[in-house]
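Look at the sequence and the structure below before reading on. The report then takes up strands and aromatic rings in turn.

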Amino acid sequence: MQQLQLDDPRPDEVRVRMVASGVCHTDAIVRDGIYPTPLPAVLGHEGAGIVEAVGSAITTVEPGDHVVLSAAYCGHCRKCLSGLMAYCEHLMAEDFGGRRRDGTTSLTSDAGPVSSHFFGQSAFSSHANVVETSVIKVDPAAPLQTLAPLGCGLQTGAGTVLNELRPEAGSSMVVFGVGAVGSAAIMAAGVAGCTTIIGVDLHDSRLALAEEIGATHTINPARSDTVAEIAKITRGEGVHYALDTTAVPGVLRQAAAALAVRGTLALVGAAKPGTEVAFEIGESLVKGWTFKTVIQGSSVPQVFIPRLVELWEQGRFPFDKLIKTYTLSDINTAFAVSESGEVIKPVIVF
C-alpha cells in the first residue's frame, strides 16, 4: 500500500469516500497484463461508498448519498445515446485508459502521476474522484459492503440473463462456471422463472452453494460427461439457454453442443485477445442456434443496479451468500482465495 495525493474533483466528477470494493477477475487480468492499462495504477472497479463532494456540473447525486460504482461510459456516442451504455464506442478509453479525457490523472505519488479512473473510479483506495456515469445512487438502508459487488460481476451475470437472454418462464438454462458472475446468473434465472437451472463447475463447494441459491441440477465435469449429463437432465432436448463465464474454448464448444434447437449461447468470460474457438457447423446448422458476446450484462447501471438491490431486499436475489470481507491490508489474500475458488466474492472493506 502507498499514500497518494488526490486532486480536487473536476466539474463532472464526484468525490467518494470508499466503504467497500469487490475483488473481480478483471482486476486480476489487468494486474497480470492480459488487458493493458497504464501502470502504476490504482485498480478496483466494484466500489461502494458515500459522496463527500460533487463537481459543479453534477446533478444526479449530492453529498451524503450512498452510491455503488460501475463501469464508465462516454454518454454521447451512438451506442450510449441508444441506451446501450455497455457497448460504448469509447469503452477502452473510458475504462482502461487510466486518465481523464484531457490526459490528466487524479492521483500522484512522490515519483509522479499514478493512473486513475480505472472503470471511472479506481476503487482500491480510501477516496476517489469518480466520473458521473460510474455513479449509481442506492437505498441508504442497504449495507454498502454488501452492495459493492453489484457494480460489475453480479450485474454482468444477472444482466446477461434478465436484459439480454430474457428466458421464458419454464425454460432451461445451463451456467458454465459458478463463480460470482455465474452465481448471479443462476439467481437471475430463478427470478426469470426458469424451471431447469444447471450449474457446471470443478469446485464441489461452489456447486453446493449453486444449489442453495437456485440451481436445480449441478455437474462436476471432472467426474462426468457434461454434454451427456445435460442431455439426460433435459430428456434429450438440450438447454434453451447456455451462459459461459470461463472463456475456455473447449467449454464453449461443450456449451454449443448442449443447446436445444434454436438455443442461445452467451459468452461473458474475458479471454486473452486473439483467443479463438471452433464450433461444429455441419450437423448443428439445422439447430438454428445463436452465439453472442455480452458485456456488463447489457445493463444501464443507473437503472439495473437499483432493481437488483430491490430484489435482494425482497430475498429474491441472495447474493450476500457469496461474500466474504477482508481489510485492505489483506487484499493479496482476497485475490488468492478468489483465484483458488475458495471464496466466490471477496470484498475489501475500508
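Why does strand S7 (residues 127-131) count as largely enclosed by the rest of the structure?

## A buried strand

Of the 5 residues of strand S7, 4 are buried, so the strand is largely enclosed by the rest of the structure. Buried means under 20% relative accessible area, exposed means over 50%, and partly exposed lies in between, with a 1.4 Å probe and protein chains only. Strands (E, at least two residues) and helices (H or I, at least four) are DSSP runs, numbered from the N terminus.

Strand S7 has a partner in strand S2 (residues 13-22): the two run antiparallel and are joined by 5 bridges. Within this pairing, Arg 17 stands opposite His 127 in S7. Two strands pair if DSSP finds at least two bridges between them.

## Basis of the model

This is a predicted model, in which local features need pLDDT of at least 70 and side-chain atom pairs count only at pLDDT 80 or more, while totals for chains, interfaces and linings use all residues. Residues are numbered from 1 along each chain as its sequence is written, and side-chain values use heavy atoms, leaving out hydrogens and water.

## An open sheet

An open sheet is formed by 3 strands in the order S1-S5-S6, with antiparallel pairing. Its edge strands, S1 (5-6) and S6 (112-114), each pair on one side only.

Strand S5 (residues 107-109) pairs with S6 in the antiparallel sense over 3 bridges. Here Thr 108 stands opposite Pro 113 in S6.

## Aromatic rings

How many aromatic pairs does the structure hold? There are 8 aromatic pairs. Rings of Phe, Tyr and Trp (its six-membered ring) pair if their centres lie within 6.5 Å; planes under 30 degrees apart count as stacked, over 60 as edge-to-face and the rest as tilted.

Phe 96 and Phe 119 form an edge-to-face pair, at 5.2 Å centre to centre and 70° between the planes. This pair links distant parts of the chain, 23 residues apart: Phe 96 is in helix H3 (residues 91-96), and Phe 119 is in the loop between S6 and S7. Phe 96 is buried at a relative accessible area of 10%, and Phe 119 is buried at 6%.

The rings of Phe 118 and Phe 119 have centres 4.9 Å apart and planes at 65°, so this pair is edge-to-face. Phe 118 is buried, with 2% relative accessibility. Phe 96, Phe 118 and Phe 119 form one aromatic cluster.
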